[in-house]
Amino acid sequence: MTESIQHPLLRVRDLSVTFPARSGKAPVLAVDRVSFDIGRAQTLALVGESGSGKTTTGRAILQLQASSGGSVQLLGHELGQLSRDGLRSMRRHMQFVLQNPYSSLHPRMTVAQTLAEPLRVHRCVPAESVTARVAELMTLVGLDPAMVSRYPHEFSGGQRQRIVIARALAVSPDFVVCDEPVSALDVSTQAQIVALLKSLQTRLGLSYLFIAHDLALVRQVAHRIAVMFAGQIVEMGAADQVYGNPSHPYTRALLDAVPVPDPVLQRKKLSESSADVQFHGLRPKAGPCVFGEDHAQSGTACWHDVGAGHGVSCRFWPTPAA
Ligand SMILES: Nc1ncnc2c1ncn2[C@@H]1O[C@H](COP(=O)(O)OP(=O)(O)O)[C@@H](O)[C@H]1O
Ligand SMILES: [Mg+2]
């Protein structure tokens with residue numbers, strides 16, 4: 001279902017995560033056979049509504065969440081098969097930037113302590129070079145190194161997210177999962193942090209899985225876009241293709257929701273136009289799909305090419321009015 005990059009930095013195939021049944025509720029298939037590649041210095045944006053499985057996908061890739069099936073290869077290493085030590089040493093290649101910069105920073109640690117910790121854990125630099133490396137990281141993310149002895153509460157939200165980014169970059173990773181990295185920030189600060197992430201990608205050759213619920217936001221950063229719905233990727237392609245020729249009705253619904261600046265209105269519009277009303281509970285029926293293929297007969301996955309490297313799933317498709 002995905003155009004293969006010859007030597008991708010990250011290769012994800014049929015990744016699935018099931019959460020076990022809890023108190024009378026059915027098990028949750030949060031991630032359902034997700035596949036994609038991310039090349040070096042490339043960004044794949046993973047976009048979908050809250051609850052679609054984006055965070056779980058990111059956590060499963062980073063081996064912070066057990067998967068129930070599939071394969072994750074980073075730099076050619078099958079992460080699920082590494083020993084504890086092997087996984088520990090791969091951790092410096094893959095890092096996480098989370099949505100809320102306040103809760104992800106320890107309130108009683110200074111910035112210097114926060115940035116020095118990963119350097120010590122992964123023994124990235126000799127002890128005598130830690131201070132210099134911390135100052136270098138501050139400069140890298142656009143903060144004054146003179147502020148290293150301050151605590152998180154002394155910074156603005158945008159500055160705190162810069163600290164979180166600096167901490168992720170301390171170990172010189174190749175791959176960073178950015179999980180809604182600007183959702184908690186005001187609009188002007190969002191643009192600054194997105195610009196920072198882009199310039200860091202260029203300077204350091206970073207690869208990103210950029211998770212967002214907002215298709216407009218990722219336009220500035222994504223090389224490729226994967227649209228996620230109910231644990232599955234329903235459309236994937238180059239950013240130009242997905243914006244220029246959105247082919248799945250759910251992608252169109254997300255795009256329709258984009259220009260509404262009021263988040264309450266936006267949510268209302270989105271839920272009216274798409275997911276809750278039209279998609280939930282849809283399952284493929286016997287017989288031909290919307291593309292005229294009978295998957296039960298062909299035995300192939302419900303995935304159709306609509307352009308070179310641009311594909312769409314026919315699995316979640318609103319049924320036409322009878
Ligand atoms: N630890 C967990 N235990 C049980 N269910 C979970 C857990 N984490 C997430 N889920 C469920 O998995 C689905 C996907 O969640 P999540 O990956 O957080 O979505 P997103 O990041 O797209 O908002 C949701 O239905 C959510 O309720
Ligand atoms: Mg999430």
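Predicted model: local features only at pLDDT ≥ 70, side-chain atom pairs only at ≥ 80, totals over all residues.
Figure 1. The chain runs to 322 residues, and 39% of them count as buried. If you look at contacts with a separation of 6 or more, 66% of them link residues 24 or more positions apart.

Figure 2. Phe 19, Val 28 and Ala 30 sit around the ligand, along with Gly 48, Ser 50, Gly 51, Ser 52, Gly 53, Lys 54, Thr 55 and Thr 56. Sorted by class, that shell has 7 polar, 3 nonpolar and 1 charged residues. H1 gives the most, with 3 residues.

**Figure 3. The open sheet that includes S2.** Here 4 strands line up in the order S2-S1-S4-S5, with antiparallel pairing. S2 and strand S5 (77–78) are the edge strands, each pairing on one side only. Zoom in on strand S1 (residues 10–19) and strand S4 (residues 69–74), and you'll find an antiparallel pair held over 5 bridges. One residue pair to pick out is Ser 16, whose bridge partner in S4 is Gly 69.

**Figure 4. Confidence, and a stretch to treat with care.** The average pLDDT of the chain is 88, and 88% of the residues score at least 70. Over residues 272–278, though, the pLDDT is below 50. The model still gives this stretch 12 contacts beyond near neighbours in sequence.

Conventions
Residues numbered from 1 in each chain as written. Chains lettered and ligands numbered in written order. Buried ≥ 20, exposed ≤ 12 C-beta atoms within 10 Å, placed from the backbone. Contact = placed C-beta atoms within 7 Å. Near = placed C-beta within 6 Å. Helix = DSSP H or I, 4+ residues; strand = E, 2+ residues; numbered from the N terminus. Nonpolar A, V, L, I, M, F, W, Y, C, P; charged D, E, K, R; others polar. pLDDT = per-residue confidence, 0-100. Pairing = 2+ DSSP bridges.
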